[in-house]
Amino acid sequence: MGARSHRSVTVVLAVGLASGLALAGCSSSSSKPSAGSTSSSGAGSSSSSSSAGGSTGSAPALPDLSGKSIQVLAEWSGAEQQDFQKVIDAFTAKTHATVSYQGAGDQTPTVLRSKLAGGGAPDVALLAQPGAIAQFAKAGQIKPLAPNVIAEIDANYDPSWKKLGTVNGQVYSIMFKAANKSTFWYNTAQFQQAGVTPPKTWADFLKVCQTLSDAGITPVSVGGADGWTLTDWFENVYLSQAGADNYDKLTHHQIPWTDPTVIQALTTLKQLFGNDQFMAGGKSGALQTSFNDSVTQTFKTPPKAAMVYEGDFSGSVITSTTPAKLGTDAKFFPFPAAGSLTNFVDGGGDAALATNDNPATMAFIQFLASPAAAEAWASAGGFVSPNKNVPMTSYPDDTTRAEAQMLVGAGDGFRFDMSDQAPVGFGGTKGAGEWKDLQDFLSSGDVNGTAAQLEKDAAKETWQ
């Protein structure tokens with residue numbers, strides 16, 4: 001997981017695809033949860049034979065690296081480390097290189113920074129923070145990717161992913177493992193009881209909430225005790241309403257948090273956050289509910305709400321803490337479009353970078369950018385790739401296939417989690433900055449006051 005991105009890995013879908021995904025079954029990070037490696041076996045077993053981009057998922061031509069050693073640093077441990085080892089093994093089988101792995105958990109950026117300063121840096125590192133990668137690049141501590149790596153990226157990724165790893169015109173990283181944070185999960189029995197279907201727009205969402213409430217069912221579970229969840233709510237609404245260009249500007253503080261587009265998004269969120277009848281426990285209850293509990297209470301028996309918003313990693317919480325089965329009892333629909341942009345996804349992920357330009361180092365990242373590397377992990381579950389040429393048949397269940405198709409289908413409508421790109425003091429600190437300001441907003445409903453406080457806190461930081 002990305003220490004912050006998986007609570008967080010952000011994308012939105014076309015309306016036509018949204019309805020198909022909602023019916024298809026669902027599945028399947030700092031202080032944000034990991035996507036884990038739980039397979040969504042309950043989601044069904046349909047076997048789509050197509051890939052997003054029509055590729056066969058073949059590996060690139062790589063050199064014989066017999067006698068060469070590569071050191072890799074990432075945050076994965078436990079089951080995720082075991083699954084990543086399958087990727088390493090596939091690379092070794094093809095190149096005969098020796099690859100050693102170190103897991104550093106949430107401290108991966110700090111560990112990399114220390115190793116770069118003191119010697120003994122790994123050849124390859126995977127980080128969940130584009131801002132940190134940009135800092136390393138600007139300091140000259142990491143290397144631009146080689147032409148053959150960039151060619152692999154161009155063949156397999158939408159240009160928006162390449163742009164995410166570009167600093168001052170040079171490509172320094174590519175996303176290997178992603179998280180879709182525009183998935184909205186619902187209890188199918190509660191929806192059936194109230195006679196409602198997954199909404200496609202924010203207006204439809206509010207109507208569904210009212211119908212559920214009239215039927216005596218609490219509509220939404222909100223995990224407001226974890227401030228990062230509220231940033232994700234804001235980002236999905238903002239991306240759809242303000243558009244990708246404004247999203248990019250606000251991400252880098254090129255427009256103020258008092259901008260009319262921010263006011264509009266907060267006003268929209270207040271339509272939910274300001275209605276105690278729509279949230280489990282009302283505002284006070286939401287502020288005392290953690291992310292994990294917000295998901296669990298939606299699918300336990302009896303449920304406390306009919307739906308809960310958070311990323312694809314919610315699927316592992318559902319399967320590990322409730323009796324609900326993904327694809328039958330628990331499904332997802334794309335985050336309801338609050339504006340004119342309907343094909344979007346807000347997400348995060350782990351991007352690979354190189355600390356040197358050795359051929360073996362570049363070969364490993366080239367492999368990570370290929371469909372073959374993603375396929376080596378995908379079948380184990382708990383993994384979604386932004387690589388458009390990974391065959392959908394590589395994923396173990398309908399839910400994960402739907403998540404992956406949604407991710408790659410967003411195209412240029414994908415944007416990386418805004419708070420994960422912000423300075424940590426603003427976008428990643430418990431009880432401070434954006435996390436606290438949005439918690440205060442959930443409590444008070446003060447749109448203009450919240451915007452002013454967000455701008456005051458943002459102005460304290462140095463932005464990339």
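Q: In which loop is the place of H96?
A: This is a predicted model: local features need pLDDT of at least 70, side-chain atom pairs count only at pLDDT 80 or more, and totals for chains, interfaces and linings use all residues. Residues are numbered from 1 along each chain as its sequence is written; side-chain values use heavy atoms, with hydrogens and water left out. Helices (DSSP runs of H or I, at least four residues) and strands (runs of E, at least two) are numbered from the N terminus. H96 belongs to the loop between α2 (78–95) and β2 (98–103).

Q: Is H96 buried, partly exposed or exposed?
A: Buried means under 20% relative accessible area, exposed means over 50%, and partly exposed lies in between (1.4 Å probe, protein chains only). H96 is not a glycine, yet its phi is positive, about 70°. Its relative accessibility is 46%, so H96 counts as partly exposed.

Q: What is the phi of H253?
A: H253 has its place in the loop between α9 and α10 (260–273). The residue is not glycine, but its phi is positive. The value is near 55°.

Q: What percentage of the residues of the protein chain count as buried?
A: The chain has 20 helices and 12 strands. It exposes about 15,700 Å², with 48% supplied by carbon and sulfur atoms. Of its 464 residues, the buried share is 60%.

Q: Why do the buried residues of α3 line one face of the helix?
A: Helix α3 (residues 108–118) has the buried residues T108, P109, L112 and L116. The test looks down the helix axis and takes the directions from it to the C-beta atoms. The buried residues line one face because they fall within an arc of 95°.

Q: Which exposed residues does the face of α3 turned away from its buried side carry?
A: The buried residues of α3 pack against β1 (69–74), β3 (124–127), α4 (130–138) and β11 (345–354). Just after α3, G119 takes a positive phi of about 95°. The face turned away from the buried side carries A117 and G118.

Q: How many of the residues of β11 are buried?
A: V345, G347, G349, A351 and L353 point one way from the strand; D346, G348, D350, A352 and A354 point the other way. Both sets are buried. β11 is largely enclosed by the rest of the structure, because the buried count is 10 of the 10.

Q: Which strand pairs with β11 in the parallel sense?
A: Two strands pair if DSSP finds at least two bridges between them. β3 is antiparallel to β11 over four bridges, and A125 stands opposite L353. Strand β6 (residues 173–180) is antiparallel too, with seven bridges, and M175 faces A351. The parallel pairing has three bridges and belongs to β12 (residues 414–416).

Q: Which are the edge strands of the open sheet of four strands?
A: The order is β8-β9-β7-β10, with mixed pairing. Strands β7 (183–187) and β9 (307–309) run antiparallel, joined by three bridges. Each edge strand pairs on one side only: β8 (220–221) and β10 (330–334).

Q: What angle does the direction of α9 make with that of β9?
A: Helix α9 (residues 227–251) packs on the sheet and touches β7, β8 and β9. Axes are lines fitted to C-alpha atoms, for helices over the stretch in contact, and angles run from 0 to 180 degrees between N-to-C directions. The angle is about 90°.

Q: Are α9 and α19 roughly parallel or roughly perpendicular to each other?
A: Their axes come within 8 Å and cross at roughly 80°. Under 35 degrees is roughly parallel, over 145 roughly antiparallel, 65 to 115 roughly perpendicular and the rest oblique. The two helices are therefore roughly perpendicular.

Q: With which residues is G227 in contact, leaving aside its neighbours within four places in sequence?
A: G227 is found in α9, and its 5% relative accessibility makes it buried. Its C-alpha atom is 9.7 Å from that of G433, 206 residues apart along the chain. Contact means heavy atoms within 4.5 Å. The partners of G227 are W435 and Q439.

Technical notes
Areas by Shrake-Rupley, 256 points an atom, 1.4 Å probe, with all protein chains shown as cover.
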